[in-house]
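Student: Before we begin, could we go through the terms used for this structure and set each value against its cut-off?

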2 protein chains.
Amino acid sequence: MNNKTKLHMSTDEFRKAGYKAIDWIADYYEKIEDYPVMSQLSPNEIINNLPDNPPIEGKKFDDILKDMDLLMNGITHWQSPNFHAFFPCSTSGPGILGDLLSTGLAVNGMNWITSPSATELEIHMLDWLVKMLDLPEYFLSSSSGGGAIQDTASSSSLIALLAAREKTTKTNSNKAGCNGNLTVYTSSQAHSSIEKAVKIAGIGTNNLRLVKTDKNFAMDVEHLRQLIDKDIKDKLKPSFVCATVGTTSSTALDPVEKIGKICKDLNIWLHVDSAMAGPAAICPEFRFVNKGLTYANSYTFNPHKWMLTNFDCSIFYIQNKKYLLNALSIMPEYLKNKQSSTEQVTDLRDWGIPLGRRFRALKLWSVINYYGVKGIQDYIRNDMHITQKLKEWISKDDRFEIIAPTPLTLICFRLKGSNDENEKLLYNINKSGSMYLSHTKLDNKYTLRFSIGTSTSSLDHVKNSWKKIQEFATQLRIS
Amino acid sequence: MNNKTKLHMSTDEFRKAGYKAIDWIADYYEKIEDYPVMSQLSPNEIINNLPDNPPIEGKKFDDILKDMDLLMNGITHWQSPNFHAFFPCSTSGPGILGDLLSTGLAVNGMNWITSPSATELEIHMLDWLVKMLDLPEYFLSSSSGGGAIQDTASSSSLIALLAAREKTTKTNSNKAGCNGNLTVYTSSQAHSSIEKAVKIAGIGTNNLRLVKTDKNFAMDVEHLRQLIDKDIKDKLKPSFVCATVGTTSSTALDPVEKIGKICKDLNIWLHVDSAMAGPAAICPEFRFVNKGLTYANSYTFNPHKWMLTNFDCSIFYIQNKKYLLNALSIMPEYLKNKQSSTEQVTDLRDWGIPLGRRFRALKLWSVINYYGVKGIQDYIRNDMHITQKLKEWISKDDRFEIIAPTPLTLICFRLKGSNDENEKLLYNINKSGSMYLSHTKLDNKYTLRFSIGTSTSSLDHVKNSWKKIQEFATQLRIS
C-alpha cells in the first residue's frame, strides 16, 4: 500500500477492495451449505481452466475476486456445518480477523527485537493456555520450560524428538550425527507424523517400535515395557516415547500416567500428542485428557483443530527449554543484537524449524478475548453433547455398530457387514455432496469416522446428516 | 460465523468487524512513518501490561481492536518505508487480501481431495514462476520434478537435504538412520539454516564443511574441491552442496556453474539457495542470478522477501520428485482415498514437514494477477535503481567505504574506522527510530547493511535516510 507510486495498491483502493474481500467471506459463510461438502471435481479440472501463462499486464482486484468462482469448484468445504471428516479445522470470526491484522502488520517475529510484541504476546498467550487448560506449571514461561506456536503437530512432535535426541546423546548427535542406536516408541495407532519425524531426525524407522494396542486401541503398557527392556538388553538407547491422547483413528486415550512412570524410571523422554483432544481440558469435567501429563517432557495440542483458531496454530510446550535450545539454536553475526546477547529476552527462532515467524499469537489473543474462557467452554461442551446424541441415535439402529469408545467428539461406526459394503456406503455418502466423512481401519474393519467440531455445525445439522446416512444404508442394501 | 447460535460471531457482525479491521490496516499504512521503525521497548514491557489471566467473559471485537494500541508499542515496523534491516518481507495490498481470502475459506490442502483447488493452484503458480523466472524446465510439474510452497527457506533447504540424504544412502537412512559418513558443503557465508538442517537431519555438524570464500565473499571452488577430495579419500560420502545466490551477509553470488560441474562429475546433490535474489530473474537483464542453475537438483527462493507476497511463502523446486517423496511420504489408512491411490493427483503433504497446509497459493495468484509480470518487473527494477543511487551517494562521502560488491539490493558499508565506532553508529541510527538497519561482519569488519526492497519505500525515503546517516556519522565524530 503506497499512495506515492502508481505501481502499488493505494490505501484507498485497499480499503475498498478489502471491504469486498470481507463481503466475499461473509457471503461465502451464508451460502456455504449450498456447496457439495467434498469437492466433486476430477483431477486437473482446475489446472485445465487456468491460463497457461502468467498475465503480462496486471488486473484489477475486482477481477481477481471474480476468478474465485472458478476456484470454488475445487474447494472441499472444511467450514461447512456438514464437514465431519478427519478432525475439524475450526475457525471463527475473531480468528479470521485476528489473523488479518497479523497479515496486515506483516512483521517477522524471528527475534525479540524484530517485534517484541510478537514474541511477548506469544509467550503470554501460552501462559494463559497453561492456566486455561490446567497444564503442569513447568510449562509456564516463568519456569525452566515454556512454549511456542508451531504450524502443525507434525512440527511440534519433530522438535520434541530432536530435543530428546540431543538429551539422550548428551548434545552429541547435533555434532556427530545419529549413530543408529537410539530407539523410539509409539503405539500402532499413533499419528503418521511420528514415523515421519523419526525419518527426518535421522533416527531411522528400524529404530521405531510400534507398540501394540489394547481392545480400546490405546497403548498396551506391558508391551511397551517389553520392547524397551529388549532394546536395553540389545545395547540400544531408548530415548523417546510418544503417547497419544485422542488418536487420529479413534480418539483412543493412551494411559499416559502408566507410560510416564516407565519413562521416569528409565529416564526416557515422554512426549504427549494431544493435537485434537487438548482443548477439552478447558472444561474441568473433561480434564481426564490431562491425566498423567505431569510426567510429560513435552506436549502438543492444536487450537486450529478444536479451539476456534484458524489454521495454522499448534501449541508446543517443553518442560526444560535447555534441551530444545541445545537442539535448534543458532546465532549468526547478522542476527546478533544487544537484547539477545543479554539473555533477557527469548528469540523464538530457536523454538522451531523455520527462522522467520508470522505473528500468530494475534489470532489466539483475538479468539480468547472474544469468546472468553466461558465461550470456549460452551463450544466444547456443545460438541461433546452433540456427539453423545449422535451416539444414542446410532446405537438405536441395529444395522450399525460403534466399534471404539467415544471419549471425545469422534464416533467410529460401521454397518454390520463387509468392509466392501462400508467402503461403498462411505463412497455414496461423500459423492452425494451432502456431507463429508472419512474412514479408518480398526482391527482390520473398514470404519466410518464421524467427527464433530466444525464451528458452524449444530445439533440439527448432525441430526439431518444421521438421517441421510440411514437412508444411504437402506438404499445400499436394496440395490 | 454462524447465525444460528449466540456463541459465535454472526456473519453480519463479521461484516462490520471486518470493515473495521480493514480500516485499521489502511490507517496503519497511512501513519506508518510516524512510528519508530525499530521498537524502542524494554524487555517484558508488553507482558507487564497484559492481563495476568485470560478473561472469563468474552469481549466485543471493537474492544479487541482497541487493545491493538498497546501492542503497537512493541512492533518493529517491517513495512515502514524506512525499514532496511535484514532482508525485506515485502508485502502488498493484493498479497494481504489474497491471504485474507485463504484465511476465510480455511481449507486444509493436505491431500488433493481435501481441496483440489488448493493443490492445483499451487502447482500451477509454481509452473508460472518457472516461466516468469526462466528456470530449468525440469522444475515444471509436467516433468520428473516440480515444486511446492514452504513456510521459509529454512524448511526448503531442510527438505532438499533430506532428499539428498535419501538419494545418497539409496533410501536407507530413513530406515537405518544416519551413520555419520555423509558430508555436506556450503560456504562460510551461507545462511545459518544450512547448519540447522544438518543438525536436524541427524548428519551432524562434524560432517558439515564450511568452504572458504574469495575476496567477494563467494564460495572458493578450489577449496570446495579440496574438501570433497579429502572426504572421499577418508571414505566419507559427499552428499550435498548448498550454493548461495545472494548470501545473507552481503548478497555474494557463489559460482553456481563451476560448483555444479563438480557436483555433476561426482554425483553430489546441488541445492541452490536464492532466497532473496531469486525474484530478480523476472527481469531478463538480471538473469545472472540464474547462471548455472541447470545443474541444480533443488532450488529455493522467497516471494515473501522480494516479490510482494506476504510472509510466509518460500518456493521449493526439485529436479526429480522421486527423491523427495522417498524421504517424506507417508500414507496412513485415515488419509487414503480413491484419487490418491490412482496416482493421478499430487498430495502436497508429502512435499514438506507438516501434514496440514494453508491455501498459500491464493496470495501468489492474487499478487501475480494484480501486478502482472510487468508490474513485478517495475518493482524489481525500481529497487535495483534505488540501490545504485544509494551506492553513488555513499561512494561520494570519503568517510565511508563500501566493502562488498552490490550485485542486488543490499549495500554493505562502514565508516573507515574501528568496529566499535561502527557499532556505535548503528546503535545511534536504530535508537533514533528514524530507520532500521542491521549489520554483519565481513573479514572481521563490523559492517552496516542497508537493504532495499520494502514495497512502501521510494527513492526519496532512501535519500532522506542517507542524509540522516551522514548526520549521525558527523555527530559521532564530534562527540
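Tutor: Let us start with one residue of this predicted model. Leaving aside neighbours within four places in sequence, A:Arg358 is in contact with A:Asp99, A:Ser102, A:Thr103, B:Asp99, B:Asn310, B:Phe311 and B:Asp312. A:Arg358 is placed in the loop between helix 13 (338-342) and helix 14 (361-396) of chain A.

Student: Why is A:Arg358 called buried?

Tutor: The relative accessibility of A:Arg358 is 6%. Buried means under 20%, so A:Arg358 counts as buried.

Student: What makes the pair A:Arg358 and B:Asp99 a polar contact?

Tutor: The side chains of A:Arg358 and B:Asp99 are joined at 3.2 Å, and the cut-off for N or O atoms is within 3.5 Å. Both residues also belong to a network of salt bridges, which includes A:Asp312, A:Arg360, B:Arg358 and B:Lys363.

Student: Why is the pair A:Arg15 and B:Asp27 called a salt bridge?

Tutor: The closest N and O atoms of A:Arg15 and B:Asp27 are 3.0 Å apart. A salt bridge requires a side-chain nitrogen of Lys or Arg within 4 Å of a carboxyl oxygen of Asp or Glu, so the pair qualifies. The count between chain B and chain A is 10 salt bridges. On the side of chain B that touches chain A, helix 1 (residues 11-30) of chain B gives the most, with 17 residues.

Student: How do you know that A:Arg287 and A:Asp134 meet in a salt bridge?

Tutor: The N to O distance is 3.9 Å, and the limit is within 4 Å; the pair therefore meets the definition. A:Arg287 lies in the loop between strand 6 (269-273) and strand 7 (298-301) of chain A, and A:Asp134 in the loop between helix 5 (116-133) and strand 2 (146-150) of chain A, so the pair ties together parts 153 residues apart in sequence.

Student: What makes B:Asp231 and B:Arg209 buried?

Tutor: B:Asp231 is at 3% relative accessibility and B:Arg209 at 16%. With the cut-off at under 20%, B:Asp231 and B:Arg209 therefore count as buried. Their side chains meet in a salt bridge of 2.9 Å, N to O.

How values were computed
Residues numbered from 1 in each chain as written. Chains lettered and ligands numbered in written order. Predicted model: local features only at pLDDT ≥ 70, side-chain atom pairs only at ≥ 80, totals over all residues. Heavy atoms only, no water. Helix = DSSP H or I, 4+ residues; strand = E, 2+ residues; numbered from the N terminus. Buried < 20%, exposed > 50% of the residue type's maximum accessible area, 1.4 Å probe, protein only. Polar contact = N/O pair within 3.5 Å; in protein donor to acceptor, adjacent residues only side chain to side chain. Contact = heavy atoms within 4.5 Å.
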